[in-house]
Amino acid sequence: MSKPVVLIAEQLSPATVDALGPEFEIRDVDGTDRPALLSAIADAEAILVRSATKVDAEAIAAAPKLKVIARAGVGLDNVDVKAATQAGVMVVNAPTSNITSAAELAIGLLLATARNIAPANAALKGGEWKRSKYSGTELYEKTVGIVGLGRIGVLVAQRLASFGMKVIAYDPFVPAARAAQLGVRSVTLDELLATSDFITVHLPKTPETVGLIGDQALRKVKPNVRIINAARGGIVDEHALAVALKEGRVAGAGIDVFAAEPCTESPLFEFESVVVTPHLGASTDEAQEKAGVSVARSVRLALAGELVPDAVNVKGGAIAEDVRPGIPLAEKLGRVFTALAGGVAAQLDVEVRGEITAHDVKILELAALKGVFAEVVEDPVSYVNAPVIAADRGVEVRLVTDEDSPDYRNLITVRGVMADGRVVSVSGTLAGVKHVEKIVEVLGYDIEAFPSAHMVFFQYEDRPGVVGTVGRVLGDANINIAGMQVSRDTKGGRALVAMTIDQALPVQVLDDIVAAIGAEWGRTVDLDD
């Protein structure tokens, strides 16, 4: 019998091939050579890539035998996960392979900025001995503010504590009690900005975090602060940072990631007090070997039809056909829940009602958790690591099933109790033979909205003219409304707007609408990735 073909499209460590074992026919191709890739992938059941090979819809369509795409690393920007899912192709990555390397680079940048290592090195190599010019600052007893207390943020906190630093952190999705267990004091973003001598960013890149450390934030910091970003480009506004450095409101920075990459020109390059590196977070021999070995093991599991812990789009093992259409809906409900909650729940219930409960619906709980944490942590969330993430944040999770569903044939609800006692819920169902996704309840309000790439929710006091005002603000911003649902508890009571729009809503426009209608709050959620 012929062996399954595993295609390696980029240079990987020898340990990767060893981990695959002798059961496969290993073929190599230059993944950046498009014609060669499309030809070679036709026979492949698995393909292993790093970041240079584009495995898009065209490549997936050219691979009728393909069962798994393995990214030897964390990011999946070069893999069309949606097209792979539609084709029934599993996508796996190595979410923990680079966390130590990334944490160490952030600390390296922090040390380099504290002691002016880069400009001193350049001056000495240029024949200049300038000890007094490049005097620096100690880390001991200084305050470091960590923005984002995920896995990398925790590693950074642990390591900087050993320098004798006072460690504080801002992360609305990590309970203060959990931070305290790590020896970290949880604070608001404003307090972190105002009190930190060093600020290091470890957040995922989402519409809410892009530009988080921007002009307004940089006007709240100490003038001696040094800012590190080795997480995702764009979270620190590079232009605003350059202005702050020029005006003396920030003392220095260490930047590994940029809003647009590759980046060879930036106003930040003009400052001796800024240390820059070309996205080296995962660029260590150890991280690359860990990534290769990890995805090789996942490929073996996937092709054997077994559970794959690091699958990011589908779960290995048998799933009932009646349950499968509910998986993407449950994930979307989880993402809407997080947008509405604005923080981490103390207890989270995933309720499944109706005929579907005759089958094993555990996957729906996992899908909902995957959605809940999708934009909370730095790295991709899988069906296996989602419960671990929940446990790390002290979230008690329950799967509740009931064959009785009075209003819908099947109903999925994500309901959470927040630390302040608020109850946040969102429910959805699948309609008709085509399994059309519908959101039918939000925060107790009955609505009927179709999950869309860009959604907006507002809660306000019920009164005439609000819908027109919302339309006017969006019209002035040249943003088109695709659909709108309004629901209220009582006449003149509280009302909820659930709206779909044609593009992502800028934060400033959201704030303008909230102010214009006197809303209690406004939330956006993007479901397009």
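Visitor: Which side chains meet Lys438 and Glu448 in a salt bridge, and how do I read such a pair?

Guide: Look for a nitrogen facing a carboxyl oxygen. In this predicted model, the side chains of Lys438 and Glu448 meet in a salt bridge at 3.4 Å, N to O. The pair links strand β17 (residues 436-442), which holds Lys438, with strand β18 (residues 445-449), which holds Glu448, ten residues apart.

Visitor: Is Lys438 buried or exposed?

Guide: Buried means under 20% relative accessible area. Lys438 has 18%, so Lys438 is buried, whereas Glu448, at 43%, counts as partly exposed.

Visitor: How many salt bridges does a search of the whole structure find?

Guide: The search finds 26. One of them joins Arg300 and Glu23 at 2.8 Å, N to O. Arg300 lies in helix α12 and Glu23 in the loop between α1 and β2, so this pair ties together parts that are 277 residues apart in sequence.

Visitor: Which residues touch the most other members of the largest nonpolar core?

Guide: The general idea is that in soluble globular proteins, nonpolar side chains tend to be buried together. Here the largest core has 51 residues, and Phe337, Leu364, Phe373 and Phe457 touch the most other members. Helix α13 (residues 326-341) gives the largest share, nine residues. Phe457 touches, among others, Val336, Leu340 and Trp521.

Visitor: What lines the second largest pocket?

Guide: Its lining has 32 residues, with Tyr170, Thr206, Pro207, Glu208 and Thr209 nearest the centre. The volume of this pocket is about 920 Å³. By class, the lining has 17 nonpolar, eight polar and seven charged residues. Strand β22 supplies the largest share, five residues.

Terms used. Residues are numbered from 1 along each chain as its sequence is written. This is a predicted model: local features need pLDDT of at least 70, side-chain atom pairs count only at pLDDT 80 or more; totals for chains, interfaces and linings use all residues. Side-chain values use heavy atoms; hydrogens and water are left out. A nonpolar core is a set of buried Ala, Val, Leu, Ile, Met, Phe, Trp, Tyr and Cys residues joined through side-chain atoms within 4.5 Å. Buried means under 20% relative accessible area, exposed over 50%, partly exposed in between (1.4 Å probe, protein chains only). Helices (H or I, at least four residues) and strands (E, at least two) are DSSP runs, numbered from the N terminus. Contact means heavy atoms within 4.5 Å. On a 1 Å grid over the protein atoms alone, a cavity is a set of points where a 1.4 Å probe fits but cannot get out, and a pocket is an open set with protein on both sides within 12 Å along at least five of seven lines; lining residues have an atom within 4 Å of a point. Grid points are joined across faces, edges and corners, and a volume is the space filled by probe spheres set on the points. Ala, Val, Leu, Ile, Met, Phe, Trp, Tyr, Cys and Pro count as nonpolar, Asp, Glu, Lys and Arg as charged, and the others, Gly among them, as polar. A salt bridge is a side-chain nitrogen of Lys or Arg within 4 Å of a carboxyl oxygen of Asp or Glu. Lists of a residue's contacts leave out its neighbours within four places in sequence.
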